[in-house]
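Okay, thanks everyone. Let me put the structure up, and then I'll talk you through the aromatic side of it.

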Amino acid sequence: MIAANYQINRPQCVLDAIGAYREGNDWLGNFINECCIVNRSYQEKSGELYNNYREYCIENGEYIRSTSDFYAALEQAGYKRKKMRDGKYIIGIQLTYGILD
């Protein structure tokens, strides 16, 4: 243990449990996977995206994050916000409604 600088390797079952927990609690990833299409060329109005996120949470009994938490999570996930003449957009994502219907 001293030779390993007091680092203990976690057993695989612990690593698997951590991964399953994180996957089950990936609220943004779940919303994106179920309601959006990701592509660098896509864009969605930020208000529309948040409103659909709220509807998704209500339908699934999920906790609704604030707008600031939602947009911060999107930015942390690599999506950029851009202000245009007709409003603010999130670049790289699009809602699936109207596309797959």
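Ground rule for rings: Phe, Tyr and Trp (its six-membered ring) pair if their centres lie within 6.5 Å, with planes under 30 degrees apart called stacked, over 60 edge-to-face, and the rest tilted. Keep in mind that this is a predicted model, where local features need pLDDT of at least 70, side-chain atom pairs count only at pLDDT 80 or more, and totals for chains, interfaces and linings use all residues. Residues are numbered from 1 along each chain as its sequence is written, and side-chain values use heavy atoms, leaving out hydrogens and water.

So, by that ring rule we get 9 aromatic pairs. Take Phe31 and Phe70: their ring centres are 6.2 Å apart and the planes sit at 70 degrees, so that's edge-to-face. Phe31 is in helix H2 and Phe70 in helix H4, so the pair ties together parts 39 residues apart in sequence (helices here are DSSP runs of H or I, at least four residues, and strands are E runs of at least two, numbered from the N terminus). Phe70 also pairs edge-to-face with Tyr71, at 5.4 Å centre to centre and 65 degrees between the planes.

Zooming out, Trp27, Phe31, Tyr50, Tyr53, Tyr56, Phe70 and Tyr71 make up one aromatic cluster.

Buried or exposed, then, for Phe70? Buried, with a relative accessible area of 0%; the cut-offs are under 20% for buried, over 50% for exposed and partly exposed in between, using a 1.4 Å probe and protein chains only. Tyr71 counts as buried too, at 11%.
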